[in-house]
Amino acid sequence: MSKRPAPSPAAFIPSLPRDADSYAGSFQLHINVASRHLTQKRHVIVYLPPGHGADPAVRYPVLYMHDGQNLFDGDTAYIRGHDWKMARTAERLMLEKKIEPLIIVGIWNTGVHRMDEYTPTRDPGVKQGGLLPMYGRFIVEELKPFVDATYCTDPARDRTGIGGSSLGGLAALLLGLHYSEYFGRIAALSPSLWWDHGVAFRLVRHLKRKPDVRIWLDMGTREMGGGIAQVRRMRDLLIEYGWLPDKDLFYREVRGGKHTEGDWGKRVGTVLRRLYPVKTARTRKPRQTAPAGS
């Protein structure tokens, strides 16, 4: 585990992206969102696709993402200037009709409490962790109902995803599997599977059955420690439970990939294309009619 640099002073100051007016879509910011399950308040930023709300009958899939301040704006990123540019990538793919138009909900982390909230157990080596169950309840019992009531979402489980990177990738994987009645898609980029001596593997083995969830799972070849070995082990475990490679499990080892916001941003377009592909309409073959007079 590598030590993270100190955060940018702006990393916890809520603001819309500086270039928000240049998007065809739009952003909404919700400040200091409280929870019955967590002590800390957090900001939530929502990217809305072009045309959202023009026809209230049109409903959009939703992707909930952890570490929301790192997704859309270099000014609010943990390391200033290093964001995923996720909305820019997503909007380009939408306009090119390579992915479905979707809503992206960026849930900001809470700084020093991030490690506690994104992990399922207390790690004796780190001496932190264990609030992921409460964080999960905040998302499914409080945040998701609010988002569904406020925006033109399609709330169905197979239209709702959850994603993140590093500890956020760990959180996305575990919450997506635990709450498969709410989430049908998981984006786990560079998940921190080392946490608490690999507790994630034990938790996955507690599954009574394979849920109907599409999973993106990846790791860069230049990331920390034994990340590649761990993510291969998780891939194999998921396959053991019935996930099919390139059908509902999209596994990638990214050559030269590092553990950085910029690297995750470079591959988020591929993630979106796998999890939110444009639906192709099935064309019916014209019915053959007998020639006249036959």
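Reply: Lys127 lies in the loop between strands β5 (122–123) and β6 (128–129); helices (H or I, at least four residues) and strands (E, at least two) are DSSP runs numbered from the N terminus. The model is predicted, with local features requiring pLDDT of at least 70 and side-chain atom pairs counted only at pLDDT 80 or more, whereas totals for chains, interfaces and linings use all residues. Residues are numbered from 1 along each chain as its sequence is written, and side-chain values use heavy atoms, with hydrogens and water left out.

Although Lys127 is not a glycine, its phi is positive, at about 65 degrees. Its relative accessibility is 56%, and Lys127 therefore counts as exposed; the classes are buried under 20% relative accessible area, exposed over 50% and partly exposed in between, with a 1.4 Å probe and protein chains only. Lys85, likewise not a glycine, has a positive phi of about 55 degrees. Lys85 is placed in the loop between β3 (62–65) and α1 (86–95), and with a relative accessible area of 46% it is partly exposed.

Side chains of opposite charge can pair when their charged atoms come close. A salt bridge is defined here as a side-chain nitrogen of Lys or Arg within 4 Å of a carboxyl oxygen of Asp or Glu, and by this rule the count comes to 21.

One of these joins Arg42 and Glu117, with an N to O distance of 2.7 Å. Arg42 belongs to strand β2 (residues 42–48) and Glu117 to helix α2 (residues 114–117), so the pair ties together parts that are 75 residues apart in sequence. Both Arg42 and Glu117 are buried.

Lys210 and Asp248 form another salt bridge, their closest N and O atoms being 3.0 Å apart. This pair also links distant parts of the chain, 38 residues apart: Lys210 is in the loop between α5 and β9 (214–220), and Asp248 is in the loop between α6 and β10 (249–254). Lys210 is partly exposed at 26% relative accessible area, while Asp248 counts as buried at 13%.

A network of salt bridges links Glu100, Asp154, Arg159 and Arg185. Within it, the closest N and O atoms of Asp154 and Arg159 are 3.3 Å apart. Asp154 is partly exposed at 23% relative accessibility, and Arg159 is buried at 9%.

Asp196, in helix α5, presents another case: it is buried yet has no salt bridge, and the nearest side chain of opposite charge, Arg202, is 4.3 Å away. Leaving aside neighbours within four places in sequence, Asp196 is in contact (heavy atoms within 4.5 Å) with Thr121, Arg122, Asp123, Pro124 and Arg202.

Ala200, Phe201, Val204 and Arg205 of α5 meet Gln230, Arg233, Met234, Leu237, Leu238 and Glu240 of α6. By class, this contact comprises six nonpolar, one polar and three charged residues, where Ala, Val, Leu, Ile, Met, Phe, Trp, Tyr, Cys and Pro count as nonpolar, Asp, Glu, Lys and Arg as charged, and the others, Gly among them, as polar.

How values were computed
Lys and Arg count as positive and Asp and Glu as negative; His and the chain ends are not counted.
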